[in-house]
Amino acid sequence: MSRIRLFILLASLALLPAGAQAQTTITACYVPKTGSVYRIQAAGAPDACKNGHVEFSWKAPAVVYGEITTVIDSFTVQPGALGVGGADCPAGSVAISGGFLSMDPYNGNFQVRMSLNHPQTPGWRVNGFNYGATPLKVMVQAYCAQVS
């Protein structure tokens, strides 16, 4: 599952609009136990990966972003059903990151099938199946940046 998260992160970065022709190298660390990724060697970021974390980097087009806005929305997944929801970015902005959180106690009955930057409707989308017997509320959060 952690390789899928890494792939989704890298794929979502590829969906960001192209800016100037110049490219920049982005360096980050992958946490094998959780599948998390964090940036290093940038302003306000650590200089190196923590012990046991895997360093990687990639070339990305230089894009100038403005203010970052956090957008939060939620949806309910009925028992035995697939639910889809998202958080839409304001006009003129794109989702640079996002995620989800079950707002009910974890019972292992919810399977996330997708959590990604949605290119057709700028924002973050999540879908998952509720195997439980009660409705499940899911919160979706998108970090949106103005593109100039």
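Which element of the chain has the lowest mean pLDDT, and which the highest? The lowest mean belongs to helix 1 (residues 2–14), at 49, and the highest to strand 5 (residues 81–88), at 95. The model is a predicted one, and these scores are a guide to how it may be read.

## Confidence

Over the chain, pLDDT averages 81, and 78% of the residues score at least 70. Residues 13–21 are a stretch where pLDDT stays under 50. For residues 13–21 the model has 16 contacts beyond four places in sequence. Where pLDDT is low, the predicted coordinates should not be read in detail.

## Overall layout

The chain has 1 helix and 9 strands. Read from the N terminus, the order of elements is α-β-β-β-β-β-β-β-β-β. Among contacts between residues at least 6 apart in sequence, 70% join residues at least 24 apart. Of the 148 residues, 32% count as buried. The accessible surface of the chain is about 8900 Å², and carbon and sulfur atoms account for 57% of that surface.

## The nonpolar cores

In soluble globular proteins, nonpolar side chains tend to be buried together. Which residues touch the most other members of the largest nonpolar core? They are Phe75, Trp124, Val138, Val140 and Ala142, out of 14 residues in that core. The elements that give two or more residues to this core are strand 4 (65–77), strand 8 (123–130) and strand 9 (136–147). Strand 9 provides the largest share, 5 residues. Another core, of 6 residues, lies apart from this one, and its members include Ala28, Tyr30, Phe56 and Ala60.

Val140 is one of the core residues named above, and its place is in strand 9. Is Val140 buried or exposed? Val140 counts as buried because its relative accessibility is 0%, and the cut-off for buried is under 20%. Leaving out residues up to four places away in sequence, Val140 touches Val71, Ile72, Asp73, Phe75, Gly85, Gly86, Ala87, Gly99, Phe100, Trp124 and Val126. Two of these, Phe75 and Trp124, are also among the core residues that touch the most other members. Val140 and Gly98 are 42 residues apart in sequence, yet their C-alpha atoms are 7.5 Å apart in space.

## Two residues of strand 8

Arg125 lies in strand 8, and Asn127 is found in strand 8 as well. Arg125 has a relative accessibility of 12% and therefore counts as buried. Asn127, at 14%, is buried too.

What does the side chain of Arg125 make a polar contact with? The partner is the side chain of Asp88, at 2.3 Å. Beyond four places in sequence, Arg125 touches Gly85, Gly86, Ala87, Asp88, Met114, Ser115, Leu116 and His118. With the corresponding neighbours set aside, Asn127 is in contact with Leu82, Gly83, Val84, Gln111, Val112, Arg113 and Met114.

## Aromatic pairs

A pair of aromatic rings is described by the distance of the centres and the angle of the planes. How many aromatic pairs does a search of the whole structure find? The search finds 2, and they are set out below.

| Pair | Centre to centre | Between the planes | Arrangement |
|---|---|---|---|
| Phe56 and Trp58 | 5.4 Å | 20° | stacked |
| Phe129 and Tyr131 | 4.5 Å | 50° | tilted |

Phe56 is buried, with a relative accessible area of 17%, and Trp58 is buried at 18%. Phe56 was also named as a member of the core of 6 residues. In the other pair, Phe129 is buried, with a relative accessible area of 18%.

## A residue with positive phi

Most residues other than glycine have a negative phi. Gln41 is not a glycine, but its phi is positive, at about 55°. Where does Gln41 lie? Gln41 is in the loop between strand 2 (36–40) and strand 3 (54–61). Its relative accessibility of 49% is why Gln41 counts as partly exposed; the exposed class begins over 50%.

Technical notes: Residues numbered from 1 in each chain as written. Predicted model: local features only at pLDDT ≥ 70, side-chain atom pairs only at ≥ 80, totals over all residues. Heavy atoms only, no water. Core = buried A, V, L, I, M, F, W, Y, C linked by side-chain atoms within 4.5 Å. Buried < 20%, exposed > 50% of the residue type's maximum accessible area, 1.4 Å probe, protein only. Helix = DSSP H or I, 4+ residues; strand = E, 2+ residues; numbered from the N terminus. Contact = heavy atoms within 4.5 Å. Areas by Shrake-Rupley, 256 points an atom, 1.4 Å probe, with all protein chains shown as cover. Polar contact = N/O pair within 3.5 Å; in protein donor to acceptor, adjacent residues only side chain to side chain. Phe/Tyr/Trp six-rings, centres within 6.5 Å; stacked < 30°, edge-to-face > 60°. pLDDT = per-residue confidence, 0-100.
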